[in-house]
Amino acid sequence: MNEFLVKVAEVLEVDSVVPEFEFRTVDDWDSMKGFSLIVLLESDYGKQMSVEEFLNCKTVAQLAAFAGVA
């Protein structure tokens, strides 16, 4: 899980995140960050998340559960 949190923090361009963090609340949130998270799930964890599934996620913990690292 720690490695996943580091990777998500890198995508979001923040120092760190915790599982309860609502990732869309970062100051400079945009669709590219969202797309980058979807790509991270696929490239690093082999999980394909649809846009609809992604839009239903609010926290880093939900992304981690989808990636299978929670």
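Glutamate 13 forms a salt bridge with lysine 33, the closest N and O atoms being 3.6 Å apart. A salt bridge here is a side-chain nitrogen of Lys or Arg within 4 Å of a carboxyl oxygen of Asp or Glu. The model is predicted: local features need pLDDT of at least 70, side-chain atom pairs count only at pLDDT 80 or more, and totals for chains, interfaces and linings use all residues. Residues are numbered from 1 along each chain as its sequence is written, and side-chain values use heavy atoms, with hydrogens and water left out.

Glutamate 13 follows helix H1 and has a positive phi, near 60°. Helices are DSSP runs (H or I, at least four residues), numbered from the N terminus. Glutamate 13 is exposed, with a relative accessible area of 58%. Lysine 33 counts as buried, at 7% relative accessibility. The cut-offs are under 20% relative accessible area for buried and over 50% for exposed, with partly exposed in between (1.4 Å probe, protein chains only). Lysine 33 also forms a salt bridge with aspartate 28, where the closest N and O atoms are 3.4 Å apart. Aspartate 28 is partly exposed, at 39% relative accessibility.

Across the whole structure, a search finds four salt bridges. One of them joins aspartate 44 and lysine 7, with the closest N and O atoms 2.7 Å apart. This pair links distant parts of the chain: aspartate 44 is in helix H2, lysine 7 in helix H1, and 37 residues separate them. Aspartate 44 is partly exposed, with a relative accessible area of 38%. Glu3, Lys7 and Asp44 are linked in a network of salt bridges.

Lysine 7 is also among the buried residues of helix H1 (residues 2-12).

Rings of Phe, Tyr and Trp (its six-membered ring) pair if their centres lie within 6.5 Å; planes under 30 degrees apart count as stacked, over 60 as edge-to-face and the rest as tilted. By this rule there are four aromatic pairs. In one of them, the ring centres of phenylalanine 23 and phenylalanine 54 are 5.5 Å apart and the planes meet at 35°, so the pair is tilted. Phenylalanine 23 lies in the loop between H1 and H2 and phenylalanine 54 in helix H3 (residues 51-56), so the pair ties together parts that are 31 residues apart in sequence. Both phenylalanine 23 and phenylalanine 54 are buried.

Tryptophan 29 and phenylalanine 54 form a stacked pair, 6.5 Å centre to centre with 20° between the planes. Tryptophan 29 is partly exposed, with a relative accessible area of 25%, whereas phenylalanine 54 is at 5%. Phe23, Trp29 and Phe54 form one aromatic cluster. Arginine 24 lies over the face of phenylalanine 54, at 4.9 Å from the ring centre. A charge sits over a ring if NZ of Lys or CZ of Arg is within 6 Å of the ring centre and within 35 degrees of the ring normal.

On the surface, Met32, Phe35 and Val39 form a nonpolar patch with about 300 Å² of accessible area together. Patches are made of residues with over 30% relative accessible area and no salt bridge; like charges are joined within 9 Å, nonpolar side chains (Val, Leu, Ile, Met, Phe, Trp, Tyr) within 5 Å. Accessible areas come from the Shrake-Rupley method with a 1.4 Å probe; for residues, only the protein chains shown count as cover. Methionine 32 lies in helix H2 (residues 31-45). Methionine 32 is exposed, at 53% relative accessible area.

Terms used
Helix = DSSP H or I, 4+ residues; strand = E, 2+ residues; numbered from the N terminus.
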